[in-house]
Amino acid sequence: MVTKDGGAKKEHVKRVLGSNIDPGSSAQKEQLVRKLSVSIANSKLDTIAPGLLNKIWHEAEVILSHHQIINLNNDVYCITEQCNSTNVSTKNGNFIRHCNNARSTSGLCQHTLALAEENGCLHTFLSKFYSKKNKAANIVKGNVPKRAQEKPKEKKKRKGQNNVESVPILINRRKANDEIDFQKPMMFLEIWHNKNPFNIVFTREEGKKSIECESCTVKFQQGPLICIPQDVTVNHTERYLYRKKDEKGNLIKMVPTWQKEAARFYWIRKACLLQRHPYFWKGMLRVDEHVRSRLKQSHLKVLQEELHFTS
Ligand SMILES: [Zn+2]
Ligand SMILES: [Zn+2]
């Protein structure tokens with residue numbers, strides 16, 4: 001009786017207020033345009049709690065449908081979600097420690113699922129997951145082509161009887177070309193966020209022995225012969241973290257500067273800038289005349305393609 005009454009009440013509220021008020025309604029599910037090619041039932045992951053497994057599956061499909069997986073090189077992938085992004089490294093221990101879900105399952109989470117699906121090796125990843133946990137990280141990047149950071153071409157047809165038929169992609173992933181074309185609200189959520197411009201400079205003229213990207217931590221090439229695009233970088237002046245010893249002089253911790261700022265560097269790459277500075281857009285780029293006059297056509301091409309810079 002109780003449930004019947006509850007159901008009748010719900011129906012009544014629905015009639016009065018319209019059908020959109022049901023919190024678990026299909027509104028969000030309907031928006032999923034890309035699903036994982038292996039269903040939970042076929043995943044055989046019976047040692048993970050069904051509630052958690054459902055959640056992970058759903059979130060992976062949300063990532064595939066609406067968000068981005070960006071190859072940052074050096075086996076690091078940036079996976080974006082609503083108001084968030086997570087870096088997953090497929091080497092070192094980061095693979096099983098990068099997020100709470102991965103920690104509790106030793107590597108299975110929305111990020112690694114989405115990444116395996118994107119790289120066309122989800123089935124292998126899942127079937128090896130429990131038998132060879134340690135190798136799961138290698139499988140995730142198993143099929144990554146050399147040109148991984150370029151735009152995906154049509155998917156290769158997969159062979160082998162173990163592979164499950166993919167659910168067709170209903171629409172292409174959003175291209176998000178306007179991510180850097182329009183001014184965004186300035187939101188300073190991290191100590192390195194500020195209104196400072198992003199300066200295009202020549203790497204070798206920065207007077208540093210070694211420069212690495214603050215975002216993906218990949219070092220810029222050094223030496224007499226430096227090729228495009230490594231000879232230009234984006235210099236941003238920002239607050240930073242420094243090592244500090246406590247009173248006893250032994251414990252070292254990282255402390256943010258109070259006001260002091262220093263130059264930090266980024267690759268000429270949209271992903272590197274947006275990952276650390278979500279408010280970045282092309283209007284924040286600056287280039288001094290003494291640099292601008294020496295930029296070659298190839299520099300301008302890279303700057304235009306990656307950051308939509310126009311001289
Ligand atoms: Zn994760
Ligand atoms: Zn970078």
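Two strands pair if DSSP finds at least two bridges between them. The exercises below apply to a predicted model.

**Exercise 1.** Determine in which sense strands β2 and β3 pair, and over how many bridges.

*Solution.* Begin with the extents: β2 covers residues 76-81 and β3 covers residues 84-89. The two strands run antiparallel and are joined by 6 bridges. Finally, examine the connection: 2 residues separate the strands, which form a hairpin, and C83 in the turn has a positive phi of about 60°.

**Exercise 2.** Identify which residues of helix α12 are buried, and explain why they line one face of the helix.

*Solution.* Within α12, residues 297-307, the buried positions are H299, L303 and L307. Viewed down the axis of α12, the buried residues fall within an arc of 30°, and therefore they line one face. An α-helix has 3.6 residues a turn, so residues three or four places apart point the same way. The face turned away from the buried side bears Q297, K301 and E305, which are exposed.

**Exercise 3.** State which elements the buried residues of α12 pack against, and which residue follows the helix.

*Solution.* The packing partners are the strands β4 (198-202), β5 (232-245) and β7 (285-286), together with helix α10 (270-276). After α12 comes H308, with a positive phi near 55°. As context, the protein chain contains 12 helices and 7 strands, and 25% of its 311 residues count as buried.

Terms used
Residues numbered from 1 in each chain as written. Chains lettered and ligands numbered in written order. Predicted model: local features only at pLDDT ≥ 70, side-chain atom pairs only at ≥ 80, totals over all residues. Buried ≥ 20, exposed ≤ 12 C-beta atoms within 10 Å, placed from the backbone. Helix = DSSP H or I, 4+ residues; strand = E, 2+ residues; numbered from the N terminus. Arc of directions from axis to C-beta. Contact = placed C-beta atoms within 7 Å.
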